[in-house]
Amino acid sequence: MFDDSVQVHCKRCRSNFRDRARRLQAGYSRQCPNCEVIIFFEETSSDKHVQTALRAARRLRRVLRESEDVKPAAKQAPTYDRTSS
Ligand SMILES: [Zn+2]
(Lines give C-alpha, C1' and ligand atoms only; values in the text may rest on other atoms or scores of the structure.)
Protein backbone atom coordinates (compact mmCIF):
# COMPACT_ATOMS: atom_id res chain seq x y z
CA MET A 1 0.00 0.00 0.00
CA PHE A 2 1.18 3.49 -0.71
CA ASP A 3 0.40 6.74 0.99
CA ASP A 4 -3.10 7.92 0.12
CA SER A 5 -2.93 11.12 2.15
CA VAL A 6 -2.07 14.64 1.11
CA GLN A 7 -0.43 17.41 3.02
CA VAL A 8 -2.54 20.26 4.32
CA HIS A 9 -1.07 23.51 5.50
CA CYS A 10 -2.83 25.43 8.26
CA LYS A 11 -2.33 29.11 7.68
CA ARG A 12 -3.29 30.02 11.22
CA CYS A 13 -0.66 28.03 13.13
CA ARG A 14 1.49 27.42 10.04
CA SER A 15 1.76 23.72 10.68
CA ASN A 16 1.33 20.89 8.25
CA PHE A 17 -0.74 17.80 8.75
CA ARG A 18 -1.97 15.04 6.49
CA ASP A 19 -5.45 13.95 5.55
CA ARG A 20 -6.87 11.22 3.34
CA ALA A 21 -7.24 12.16 -0.29
CA ARG A 22 -10.58 10.34 -0.50
CA ARG A 23 -12.13 12.65 2.07
CA LEU A 24 -10.44 15.84 1.06
CA GLN A 25 -12.67 17.34 -1.57
CA ALA A 26 -14.81 20.41 -2.09
CA GLY A 27 -17.32 20.80 0.71
CA TYR A 28 -15.14 18.97 3.21
CA SER A 29 -14.01 20.61 6.42
CA ARG A 30 -11.77 19.48 9.21
CA GLN A 31 -10.13 20.70 12.35
CA CYS A 32 -6.45 21.46 12.45
CA PRO A 33 -4.92 19.00 14.94
CA ASN A 34 -2.61 21.70 16.27
CA CYS A 35 -4.64 24.87 16.73
CA GLU A 36 -8.12 23.36 16.29
CA VAL A 37 -9.27 25.92 13.75
CA ILE A 38 -11.77 24.51 11.25
CA ILE A 39 -10.43 24.51 7.72
CA PHE A 40 -13.03 24.56 4.97
CA PHE A 41 -12.05 23.00 1.68
CA GLU A 42 -13.81 24.86 -1.10
CA GLU A 43 -12.77 25.34 -4.71
CA THR A 44 -13.55 29.03 -4.24
CA SER A 45 -11.43 29.39 -1.12
CA SER A 46 -9.11 32.39 -1.07
CA ASP A 47 -6.59 30.33 0.87
CA LYS A 48 -4.09 29.07 -1.65
CA HIS A 49 -3.03 26.28 0.69
CA VAL A 50 -6.59 24.96 0.57
CA GLN A 51 -6.50 25.14 -3.22
CA THR A 52 -3.20 23.31 -3.29
CA ALA A 53 -4.46 20.56 -0.99
CA LEU A 54 -7.65 20.14 -3.04
CA ARG A 55 -5.64 19.86 -6.23
CA ALA A 56 -3.23 17.35 -4.71
CA ALA A 57 -6.11 15.25 -3.35
CA ARG A 58 -7.88 15.24 -6.72
CA ARG A 59 -4.72 14.11 -8.45
CA LEU A 60 -4.09 11.39 -5.88
CA ARG A 61 -7.68 10.12 -6.10
CA ARG A 62 -7.23 9.67 -9.82
CA VAL A 63 -4.07 7.65 -9.24
CA LEU A 64 -5.83 5.53 -6.62
CA ARG A 65 -8.73 4.88 -8.97
CA GLU A 66 -6.40 3.82 -11.76
CA SER A 67 -4.48 1.46 -9.51
CA GLU A 68 -7.76 -0.15 -8.43
CA ASP A 69 -8.73 -0.79 -12.03
CA VAL A 70 -5.68 -2.93 -12.51
CA LYS A 71 -6.85 -6.06 -10.78
CA PRO A 72 -4.95 -9.32 -11.09
CA ALA A 73 -6.53 -11.53 -13.69
CA ALA A 74 -8.81 -14.17 -12.26
CA LYS A 75 -7.17 -17.54 -12.14
CA GLN A 76 -8.49 -19.58 -14.98
CA ALA A 77 -9.75 -23.03 -14.21
CA PRO A 78 -7.63 -25.59 -16.02
CA THR A 79 -9.38 -26.96 -19.07
CA TYR A 80 -8.84 -30.52 -20.16
CA ASP A 81 -8.91 -31.70 -23.67
CA ARG A 82 -11.26 -34.66 -23.68
CA THR A 83 -11.28 -35.25 -27.42
CA SER A 84 -8.09 -37.28 -27.42
CA SER A 85 -9.25 -39.91 -24.92
ZN1 LIG B 1 -3.60 25.15 12.76
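**Close-up views of a predicted model**

**View 1. Strands S1 and S2 pair side by side.** In this predicted model, S1 and S2 run antiparallel and are joined by five bridges. S2 covers residues 16–20.

**View 2. The whole chain shows its order of elements.** How many helices and strands does the chain have? It has one helix and four strands. Along the sequence, the pattern reads β-β-β-β-α. Buried residues account for 13% of the 85 residues. Now take the contacts between residues at least 6 apart in sequence: 36% of them join residues at least 24 apart.

**View 3. Eleven residues make the largest nonpolar core.** Its members are Val6, Val8, Cys10, Ala21, Leu24, Ile39, Phe41, Val50, Ala53, Leu54 and Ala57. H1 gives the most, with four residues. In soluble globular proteins, nonpolar side chains tend to be buried together.

**View 4. Valine 8 sits among its contacts.** This residue belongs to the largest nonpolar core. Which residues does valine 8 touch, leaving out those up to four places away in sequence? They are Asn16, Phe17, Arg18, Asp19, Ile39 and Ala53. Two of these, Ile39 and Ala53, are also listed in the core.

Technical notes
Residues numbered from 1 in each chain as written. Predicted model: local features only at pLDDT ≥ 70, side-chain atom pairs only at ≥ 80, totals over all residues. Core = buried A, V, L, I, M, F, W, Y, C linked by C-beta atoms within 7 Å. Buried ≥ 20, exposed ≤ 12 C-beta atoms within 10 Å, placed from the backbone. Helix = DSSP H or I, 4+ residues; strand = E, 2+ residues; numbered from the N terminus. Contact = placed C-beta atoms within 7 Å. Pairing = 2+ DSSP bridges.
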